[in-house]
Amino acid sequence: MCGIAGFLADPSRRTSVDQLKSIADAMDVSLEHRGPDDHGIWVDAEAGVALVHRRLSIVDLSPAGHQPMHSADGRFVIVYNGEVYSHLPIRTEIEATGHRFRGHSDTEVLLESIARYGVRATADRLIGMFAIAIWDRQQRTLKLIRDRLGIKPIYWARIGGLFMFGSELKALRQHPGWTPRIEPAAVASFMRHNYIPAPHTIYRDVHKLEPGTILTLEFGREPQTEKFWDARRVALDGLSNPLTGDDLSLVDQLETLLVDAVRKRTMADVPLGAFLSGGIDSSTVVALMKAANVGPVKTFSIGFEQKAFNEAPHAAAIARHLGTDHTELIVTSQQALDVVPKLSEIFDEPFADSSQIPTYLVSAMTRKHVTVALSGDGGDELFSGYNRYQLTRRSWRMLSLVPAPLRKALAAGLTSVSSERWNAIFDYLPEHSYPRLPGDKIHKFASVLGLNDADELYRRLISHWDPGSITPGVAETRGVLWDSSVRTDFPNLLDRMQFLDAVTYLPDDILTKVDRASMAVALEARVPLLDHRVVEMAWRLPHSVKIRRGVSKWLLRQVLYRHVPKGLIERPKMGFAVPLDEWLRGPLRQWAENLLSERRLRETDFFDVALIRRRWAEHLSRKRNWQYALWDVLMFEAWRERWG
């Protein structure tokens, strides 16, 4: 795991070696947290190219693993972030031709494979996570390659005659040839999603390279992209070729594949462990580490003082059953709050998934003991684990029974009574006979009554703000979530929601969060459930083994129950949440008030300031719980304070 960056400038300008190195040095320093063990810079002044690498040494700790690395024939130069777990058979194949490797890193195998077979043929064979930049000195072309699921990040920009790339935006900001400008449409998208969907970024002219993509740049020509792995094609192929067999055979097939995926991800020359929350996904990964006989397993979990947010006892019970060397940290509110000022530095693009706080804390604690940690991310998207999948299906099934005009009339009636008035009405009922803040919930229910179809309902459930209200006059960037062809390709609602999450929420929220939080402390996080072979198998599974009698992730649970008693697992889904609503009313109140001041919010002219101020007042008075919507605004303003 590492950090990469670089640029290609107009070679006719004859930039000196010293000038190229000076800019590359600044990029290098900006990514030091991603690779504190080693660093390297390579420049070719005649071609106007510079490549930068920060190294977190995982495989082959010797100087033979140093990057930028040159191919044996001298034609190619590579910088690479990630791990390729399938490099050993490729190495054996190349050695059979008489080639002798200098070291035993996966980087060298990757480089020599590209030199022999080409970029596309090599990418097709890789199992792992990777963001690669490779310069062809003969053809004078630069290629960027991002892994199939988007586990590792890569940003790129072309501004006039300058092309830049980097693992994080802060590296691009070091180049004096670019002046960052905020893209208003990206701000609007951020307010809906709490992240900025690819290929867009917060800046004009800067892009995220989408998963499974190869970008080719030759100076003087437009960048060209091609997919070497297409998530839509994989999903459609899987749905058209479903697996057959009884439940037992499907459990066997999934377990065999998962054990191999986990075993491959234990390849390391440094200490290794796993995150363990006590949920289905992380427990399965840890259980299969034991089943794979990889030696003693170290596990790590955190909990909170507040009982409602504390999963640590569940994780500890599973660790005891599996016999892992378990480390637990119960986080105080102050420890969690101390992370908040760091977030805009860690996430150098606006990002407002509040589980970024515990993800950073568990990463920081884990890094004190190991350099690599396996994570259970991806299980919800692959095996239908999110509550919203069943909620959307059930809700729309009921809503569609009522004619749309009647639903809209009912919605108008419910919202004609303020949420405060609804709360007062419910106060006449016996205590505990109704939920907390009933008016808030009635207004939320009313907001979905007038929707036209299940796709609108799904978008409503995954949206924090309606950009039309929070950023008036600014049109959000609309991508695959509004693509009508998705409904044609995926007529089944469950399939459609899973696909959309797999190409939006998974890479742009979940994997972004894990990458930035872990790399901020130089910890490599590996995600075996997102082995592309597991993803391809998951799309071939019938719905009946994903959700059965209301039980989500049914098939994955059956694999886990072979290793962990059902009683240790069965409990309501908690997620990786924090008591954000109370923090905003308490210890974070002054910090939030400063960022949400009317003067400050008017500086950019992006937002409906009165709406934000009204929701802030409602939140403080406990009339409504606007924690997540407010967190979006706060994270944007904190980012703007640091980077804007």
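Helices (H or I, at least four residues) and strands (E, at least two) are DSSP runs, numbered from the N terminus.

The model is a predicted one: local features need pLDDT of at least 70, side-chain atom pairs count only at pLDDT 80 or more, and totals for chains, interfaces and linings use all residues. Residues are numbered from 1 along each chain as its sequence is written, and side-chain values use heavy atoms, with hydrogens and water left out.

I will start with the whole protein. It has 30 helices and 17 strands. Of its 644 residues, 60% are buried. Along the principal axes, the C-alpha atoms fill a box of roughly 85 × 60 × 50 Å. The radius of gyration, taken over C-alpha atoms, is compared with a globule rule of 2.2 Å times the number of residues to the power 0.38. For 644 residues a compact globule would come out near 26 Å, and the protein has 25 Å, which agrees.

Contact means heavy atoms within 4.5 Å. Among contacts between residues at least 6 apart in sequence, 73% join residues at least 24 apart.

Now some single elements. In helix H10, residues 312–322, the buried residues are Ala-312, Ala-315, Ala-316, Ala-317, Ile-318, Ala-319 and Leu-322. Their cover includes H9, strand S14 (298–304) and strand S15 (325–331). After H10 comes Gly-323, with a positive phi near 75°.

H9 also turns up beside helix H25, residues 554–561. Six of the eight residues in H25 are buried, namely Trp-554, Leu-555, Leu-556, Arg-557, Val-559 and Leu-560. These pack against helix H8 (247–264), helix H9 (280–291) and helix H14 (379–383).

Asp-28 is in helix H1, residues 17–30. Is this residue buried or exposed? Asp-28 counts as buried, because its relative accessibility is 3%. Apart from neighbours within four places in sequence, Asp-28 is in contact with His-39, Gly-40, Ile-41, Val-52, His-53 and Arg-54.

On a 1 Å grid over the protein atoms alone, a cavity is a set of points where a 1.4 Å probe fits but cannot get out; a pocket is an open set with protein on both sides within 12 Å along at least five of seven lines; lining residues have an atom within 4 Å of a point. Grid points are joined across faces, edges and corners, and a volume is the space filled by probe spheres set on the points.

The second largest pocket has a volume of about 540 Å³. It is lined by 31 residues, and Glu-210, Lys-227, Val-480, Val-503 and Thr-504 are the closest to its centre. Helix H7 (231–240), helix H22 (493–503) and helix H23 (505–519) each supply at least two lining residues.

As for cavities, the structure holds nine of 30 Å³ or more. The largest cavity has a volume of about 120 Å³. Of its 17 lining residues, Cys-2, Val-59, Gln-67, Asp-106 and Thr-107 lie nearest its centre. Strand S3 (49–55), strand S5 (76–84) and helix H3 (106–117) each give at least two residues to the lining of this cavity. S5 gives the most, with four.

That is the tour.

Note on methods: Buried means under 20% relative accessible area, exposed over 50%, partly exposed in between (1.4 Å probe, protein chains only).
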